[in-house]
Amino acid sequence: MEAMQSLREQWRKTGRSVGFVPTMGALHKGHGALIATAAEHHAEVVVSVFVNPTQFGPHEDFERYPRNLDRDVQIIREYGGTAVFAPSVGEMYPAGILATIHAGPLGEPLEGRHRPGHFDGVATVVHRLLDIVRPDVAYFGAKDFQQTLVIKAMVEREQLPTGITVLPTVREPDGLAMSSRNAYLTAEQRTKATVLWRALVAAQAAITAGKRQALDIEQAMLSVLSTVQELDVDYAVAVNAADLSSVAEFTTGQSVACLIAARLGTTRLIDNAVTVVP
Ligand code: AMP
């Protein structure tokens, strides 16, 4: 923590631009893309590795979340990161493990409804990390679409002096969005997990073919998702990408966010795609 702060102070004095990629570790190519892009734009790139307890519910996977700092440090170096910040829980939460920043209305639907308190935890940890690292720009993945809206709103509300850049979701060759949680899947579940991406492709095809009713787009997703019996769908929705509000019928030029969350056995998967109505 002190090391990070004094490094930051040194960079400030020498006018070095700082990019920042917050992560929970177990790094993959999705994280790598964020680090590499930050490295293209900044003299210094800080990558944080912190499994944040306040964004996990009491029965979620905080304990079993994959942790391998040595491997992560190697990956960070490979993609062009210049500093790793891996604080302890005590350093991040000196006054107790509590979410003290509210996510606001964008944190309420979808993930917020299925994971109560999740986005308050996210907003709290990102606020604290930005406060310590004070980057010029922080980089986030579109994979966690609702999270990017919550963070942009928080940065705006708190008037933090940091730019937010969102980069596209990096996928496996078969379309599955890369995720640290994919490591939980059995070989059979791994094959089935592509159904989320296939459902999003079907939704995009429906929109491109002229469907404008949210219900029709959602039906396109559900009919693909229903082909995998083992899958438990939390939600599969088509909403306004600007603010996640419900729209009965989309209009030309509007951005539609199709968002899916589903469980395969004990693994919870999320994915999304944004399409502009033709
Ligand atoms: P996590 O370690 O899962 O909390 O993710 C850290 C950052 O990496 C977040 O901004 C995520 O949205 C981003 N990220 C995770 N998976 C991907 C992916 N497949 N493609 C792009 N960004 C990702």
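Which residues touch the most other members of the largest nonpolar core? In this predicted model, local features need pLDDT of at least 70 and side-chain atom pairs count only at pLDDT 80 or more, while totals for chains, interfaces and linings use all residues. Residues are numbered from 1 along each chain as its sequence is written, and side-chain values use heavy atoms, with hydrogens and water left out.

**View 1. The largest nonpolar core and the surroundings of F85.** V46, F85, V126 and L259 touch the most other members of this core, which has 40 residues; a nonpolar core is a set of buried Ala, Val, Leu, Ile, Met, Phe, Trp, Tyr and Cys residues joined through side-chain atoms within 4.5 Å, and buried means under 20% relative accessible area with a 1.4 Å probe, protein chains only. Among the elements giving two or more residues to the core are α1 (2–13), β1 (18–23) and α6 (118–133), and α6 gives the most, with nine residues. Helices (H or I, at least four residues) and strands (E, at least two) are DSSP runs, numbered from the N terminus. Leaving aside neighbours within four places in sequence, F85 is in contact (heavy atoms within 4.5 Å) with residues including M1, M4, V46, L129 and V133.

**View 2. One buried face of helix α10.** Helix α10, residues 214–225, reaches 16 Å from its first C-alpha to its last, close to the 16 Å expected at 1.5 Å a residue, where the expected span is 1.5 Å times one less than the number of residues. The buried residues of α10 are A214, I217, E218, A220, M221, V224 and L225. Seen down the axis of α10, these residues fall within an arc of 150 degrees, so they line one face of the helix; the arc is that of the directions from the helix axis to the C-beta atoms. What covers them includes α9 (195–208), β6 (231–240) and β7 (255–264).

**View 3. The tilted aromatic pair of F50 and Y93.** The rings of F50 and Y93 lie 6.4 Å centre to centre, with 35 degrees between the planes, and form a tilted pair; rings of Phe, Tyr and Trp (its six-membered ring) pair if their centres lie within 6.5 Å, with planes under 30 degrees apart counted as stacked, over 60 as edge-to-face and the rest as tilted. F50 is buried at a relative accessible area of 5%, and Y93 is buried at 8%.

**View 4. Arginines over aromatic rings.** R64 lies over the face of Y184, at 3.8 Å from the ring centre, and R67 lies over the face of F62, at 4.9 Å; the rule requires CZ of Arg, or NZ of Lys, within 6 Å of the ring centre and within 35 degrees of the ring normal.

Conventions:
Buried means under 20% relative accessible area, exposed over 50%, partly exposed in between (1.4 Å probe, protein chains only).
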